[in-house]
Amino acid sequence: MHTRHHIDDLITLFNTRFIPLHNTELVCCEPEPIYRPADALHPHHRIIFAHGFFASALHEIAHWCIAGKDRRQQEDFGYWYQPDGRTEEQQRLFESVEVKPQALEWIFSVSAGFHFVFSADNLNGAAGVSSAFRERVREQALHYLHQGLPSDAQLWSETLIGFYRADKPLSVEEFELSEDQ
């Protein structure tokens with residue numbers, strides 16, 4: 001069981017598992033996270049996470065797990081993104097599309113024994129993380145735990161559990177809301 005969270009371990013785990021399966025690699029580090037499909041210069045699809053942050057890598061992998069085959073052929077999966085500084089209305093729209101990725105990120109964090117923190121991704125905007133958003137993310141995480149994760153998310157969670165938790169399965173009790181999230 002590994003309790004230290006080195007980004008090199010995460011990259012090795014992901015690349016060993018998903019380059020052979022989906023021709024997709026985890027890559028560090030750019031100022032902003034982005035997904036780029038394979039092209040003439042890069043033989044692998046690339047999940048590029050920001051600044052070497054462990055949480056950023058888990059979050060971007062969550063988006064990849066949800067994107068599906070067709071969206072994985074588009075830069076940033078073809079999703080809308082409004083940068084930092086969103087209004088309250090824009091923030092509500094952001095939250096509506098972030099429930100599933102943040103639920104998976106939470107599951108991945110727990111799978112790796114890593115502290116999960118909800119993100120409003122809006123440091124310069126009008127709204128932070130709402131209690132309603134936190135509860136929707138928790139409900140989605142519990143739904144995944146009871147109904148099953150998307151197949152790549154399940155494989156990734158199992159990989160993390162095997163490396164960080166000595167194959168100790170997840171439990172619902174690990175998904176309680178706390179003030180330091």
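I take contact to mean heavy atoms within 4.5 Å. I am working from a predicted model.

**Sheet.** I looked up the strands first. I found 3 strands in an open sheet, ordered S1-S3-S2, with mixed pairing. Strand S1 (24-30) and strand S2 (34-36) are the edges, and each pairs on one side only. From one strand to the next, I get an average twist of 25°. My reminder on pairing: strands of a sheet are joined through backbone hydrogen bonds, parallel or antiparallel.

I then checked S1 against strand S3 (residues 45-50). The two run parallel and share 6 bridges. Thr24 sits opposite His45 of S3.

**Helices on the sheet.** Helix H1 (residues 7-22) packs on the sheet and touches S1 and S3. I noted about 145° between the directions of H1 and S1. Helix H2 (residues 54-71) lies across S1, S2 and S3. Against S3, H2 runs at about 145°.

I went through the backbone angles next. Most peptide bonds are trans, and most residues other than glycine have a negative phi. The bond from Cys28 to Cys29 is cis, and I noted its omega near 15°. Cys29 belongs to strand S1.

His51 has a positive phi, near 55°, and is not a glycine. I placed His51 in the loop between S3 and H2.

I located Ala166 in the segment after helix H5 (151-164).

Technical notes. Residues are numbered from 1 along each chain as its sequence is written. This is a predicted model: local features need pLDDT of at least 70, side-chain atom pairs count only at pLDDT 80 or more; totals for chains, interfaces and linings use all residues. Side-chain values use heavy atoms; hydrogens and water are left out. Two strands pair if DSSP finds at least two bridges between them. Helices (H or I, at least four residues) and strands (E, at least two) are DSSP runs, numbered from the N terminus. Axes are lines fitted to C-alpha atoms, for helices over the stretch in contact, and angles run from 0 to 180 degrees between N-to-C directions.
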